[in-house]
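Subject: Structure handover

Hello,

Here is the structure that I am passing on to you. My notes on it follow below.

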Amino acid sequence: QEFGRRSGTEAIPNIVALGMAAEIARREIDGGVAGRIGAMRDAFEQRLFAALPGVSVNGDRERRLPSISSLCFPGVDAAGLIILLDEREVACSAGSACHAGDLQSSHVLTAMGCDDARIRGTMRFSWSRMNTMEETLRAADIVIDGVNKLRSLRGDGSPVIVST
């Protein structure tokens, strides 16, 4: 305003809303929401590790966000798994978050030292305060079914090829 010599009128409602959002986030963290979310992630991973040979975590298992699980499923094409999981209402993505929807290999996973085969088999799952343990364990069972289905189609680990 005033030809760049004075600041504009502050958006008081927006300032109050931002402060309230920060307060709610602080209360949730103090109230153990991050721990509850991490427990869901850990239960999800434990169920997968017990049922699916070779599944592994991408990155450091200790120093990571409690709400994210980046897993590699050897012998499985993530794009095919996404289709199976989507049909059963499990939302997830292939690769890394900053590479979702892209057909090229994830530069994040490449920087982490993952080879192309590992990147092709990587899925990313995430949780929020709105998820429940029941949903988490149900999702794990659906993932197990999907991975087993894709692995059975491949047999020896080679890609499924349909001749015409």
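**Helix packing**

Helices α3 and α6 cross in the right-handed sense (a crossing is right-handed if the near helix is turned clockwise from the far one by less than a right angle, and left-handed if anticlockwise). This is a predicted model, in which local features need pLDDT of at least 70 and side-chain atom pairs count only at pLDDT 80 or more, while totals for chains, interfaces and linings use all residues. Residues are numbered from 1 along each chain as its sequence is written, and side-chain values use heavy atoms, with hydrogens and water left out.

Helix α3 covers residues 78–87, and its axis lies 10 Å from that of α6, at an angle of about 135 degrees. Axes are lines fitted to C-alpha atoms, for helices over the stretch in contact, and angles run from 0 to 180 degrees between N-to-C directions. The two helices, α3 and α6, are therefore oblique to each other (under 35 degrees is roughly parallel, over 145 roughly antiparallel, 65 to 115 roughly perpendicular, and the rest oblique). Helices (H or I, at least four residues) and strands (E, at least two) are DSSP runs, numbered from the N terminus.

From α3, G80, L81, L84 and L85 meet I142, V143, G146, V147, K149 and L150 of α6; contact means heavy atoms within 4.5 Å.

N148 also belongs to α6, which spans residues 133–154. With a relative accessible area of 36%, N148 is partly exposed (buried is under 20%, exposed over 50%, partly exposed in between, with a 1.4 Å probe and protein chains only). Its C-alpha atom is 7.9 Å from that of L52, although N148 and L52 are 96 residues apart along the chain.

**Strands and a loop**

Strand β4 (residues 122–126) pairs with β2 (residues 68–72) through five bridges, in the antiparallel sense. Two strands pair if DSSP finds at least two bridges between them. T122 in β4 is the bridge partner of C72.

Strand β3 (residues 93–94) also runs antiparallel to β4, joined by two bridges, and A94 has M123 of β4 as its bridge partner. Beyond its neighbours within four places in sequence, S93 touches I82, T122, M123 and R124.

E89 sits in the loop between α3 and β3. E89 is exposed, with a relative accessibility of 70%. Its phi is near 65 degrees, a positive value in a residue other than glycine. Most residues other than glycine have a negative phi.

Regards
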